[in-house]
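Hi everyone, thanks for having me. Today I'd like to walk you through a few spots in one protein model, and we'll take them one at a time.

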Amino acid sequence: MLFLLRPVQSPSFLLLRFSSNISRSSLLLAFSDLLHRLSEQTQHPNPSIPNPDSRPLWPHPYEYNRLMSAFASTGDTANVLRLFEEMKRFKRRPDAACYTTMADAFVSSNQPQAAIAVFQEMVSSGVEPDTTAYTVLVKLYSFHLKQLDSAYEVLQLMRENGSKPDVVTYSIFITGLCRVGRVSEAFGVLDLMLHEGCVPNAHTYTPIVQAFCLNGQIEEAKRLIQTMEAYNFSPSVVTYNVLIHALCKVKKFGEVDSILKQSKVRNWKPDVITYSIYMDGLCKAGKADKSFMLLKEMISHGLNPNKITLNILLNALCKGSNCYEAKCLLERSFEFGWEPDVVNYNTVISRLCDAGKRFWVFKLFTDMFKKGLLPDSWTFSIVLRSLCEAGRIKYATFLFHNEGFLANVASYNILIRNLYKGGEVKEAYKIFHKMNYDNIEPNYYTYKIMIGLFCREGNYSSAIDCFLRSLGNGFPVFLIQDLVSGLVIGGRFLDLVNLLEFVLKQGFFLDFCVYNALIKSFCYRGACRNLEMYKVCHLLDKMLRVR
């Protein structure tokens, strides 16, 4: 479909003329108008970010903690530690607030052992932890270490030391329980809160609502929200966002519309995230036109779309025959003041790759470098996939080994699979072993590819080792299906018996899919029509007896 793209009145507006298809034209005009709005938003530097070498005006713990907190809010743990150590060098004894800020910075940067060391130093120095300090410790055990029993012990320790848990402490603990699926225990903690006179809020209830939604229990989530409202615990916009996200996943858009219409009555205001979640759900359901109508509603309520909103709509624009137009929007972005980021490029490049438009993939990939935009690992994996699908395995391998290539596990999987398909078995082995050298952890699909590859090459011992390694890394036992089929077809009956006995004795449960794969493989080999039938019966009987 041919169209004309040229600036009108100002370089930040596009006129798009189509020979037909008015709906597509209106979507593109709406998108270009969105870009125009975003380009007009002035970017202001954040005044709260301190200079890297900042020091307090006065060497007092309060001034140190104020500056440490500012660095911590930006994720700059190194400068928080610098100030904390400086205090001790200058013989300024850190108080509870300073210790808490330091520990929380370590927790936020996922350094649990360092955070525990700070607490130990705090206690050994004679500084009494307060409620805030204990709350950071509860967060450490609940979110990062997933040691919920230890988190509960901290709550008990607080009571013993006369420091009463507050609503923040309890809300964090409840969130930790919900994240690991212990929802019934979360309700028990909620009852304990009420018994102790600690009034819950939206932060307390929202994790439970989210746990219900993740388990597909949307009706229970709605009833809990109704209970919150009945007891004057007003749900927050985050609570409703969680519910809206769950409803969008099951395509109950009518209920979402109803929730948004009742927002004023229920005393909550939808935010940019609310609308972005709804737009994303609509776009995934093929309702891009309605998502752009929702954009108008969002703007009419005084909400400015952000980069996430833009990328959702860009993704919608890429669906179907609009890929070419989306590509041209990226190429002509300078005409309307839009500076697309790597996520925007990845969205369009990924859709072009799905549509088989490989030349356009390579064209946009080149344009990124021309605009000074560095691709990330996702970009490289998409380009690698395009090269492999075009049959350019040598070029893909050359790109992969390039010094500037940012590899992820998807890149490895793509190249290993296509090298093997192209008959480059030794090179596929090399790439697999290179993962360990590059500190890239194999995922489920890596192991699945390699188990199949080893079996087809008759390297059964390596296939078994690969499977056992996957178990050791916490992957599910379902990978055994491919290994079972390979061992049966290869006639490795004894290896199969030993493997199944080992897996079952380790306490793993094998569902019907494994038995089904086993029987099918024996049938494929012809065992069910000759004297080897007894092997099938013997093996199945042995498996059932071990269970």
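Let's start with a definition: when the angle between two axes is over 145 degrees, we call the pair roughly antiparallel, and when it is under 35 degrees, roughly parallel. Please keep in mind that what you see on the screen is a predicted model.

Two packed helices are described by the angle between their axes and the distance between the axes. Now look at helix α24, residues 444–456, and helix α25, residues 460–472. How are they placed relative to each other, roughly parallel or roughly antiparallel? Their packing angle is about 165 degrees, and their axes are 7 Å apart. That angle is over the cut-off of 145, and therefore α24 and α25 are roughly antiparallel to each other. The crossing of this pair is left-handed.

Which residues make the contact? On the α24 side we have Y447, M450, I451, F454 and C455. From α25 come Y460, S462, A463, C466, F467, R469 and S470. Sorted by class, that contact has nine nonpolar residues, two polar ones and one charged one.

Next, helix α21, which covers residues 393–400. Its buried residues are I393, A396, T397, L399 and F400. Viewed down the axis of α21, these buried residues fall within an arc of 160 degrees, so they line one face of the helix. And what is exposed on the other side of α21? There you find K394, Y395 and F398. As for the buried residues of α21, they pack against α20 (377–389), α22 (409–421) and α23 (425–437).

Is T135 buried or exposed? Its relative accessible area is 8%, and buried means under 20%, so T135 is buried. Leaving aside residues up to four places away in sequence, T135 touches D166, V168, T169 and I172.

Finally, two loop residues. K146 sits in the loop between α6 and α7 (148–160), and N439 sits in the loop between α23 and α24. The phi of K146 is near 55 degrees, a positive value in a residue other than glycine. N439 also has a positive phi without being glycine, with a value near 60 degrees.

How values were computed:
Residues numbered from 1 in each chain as written. Predicted model: local features only at pLDDT ≥ 70, side-chain atom pairs only at ≥ 80, totals over all residues. Heavy atoms only, no water. Axes fitted to C-alpha atoms, helices over the stretch in contact; angles between N-to-C directions. Helix = DSSP H or I, 4+ residues; strand = E, 2+ residues; numbered from the N terminus. Parallel < 35°, antiparallel > 145°, perpendicular 65-115°, else oblique. Left-handed = near helix turned anticlockwise from the far one by under 90°. Contact = heavy atoms within 4.5 Å. Nonpolar A, V, L, I, M, F, W, Y, C, P; charged D, E, K, R; others polar. Buried < 20%, exposed > 50% of the residue type's maximum accessible area, 1.4 Å probe, protein only. Arc of directions from axis to C-beta.
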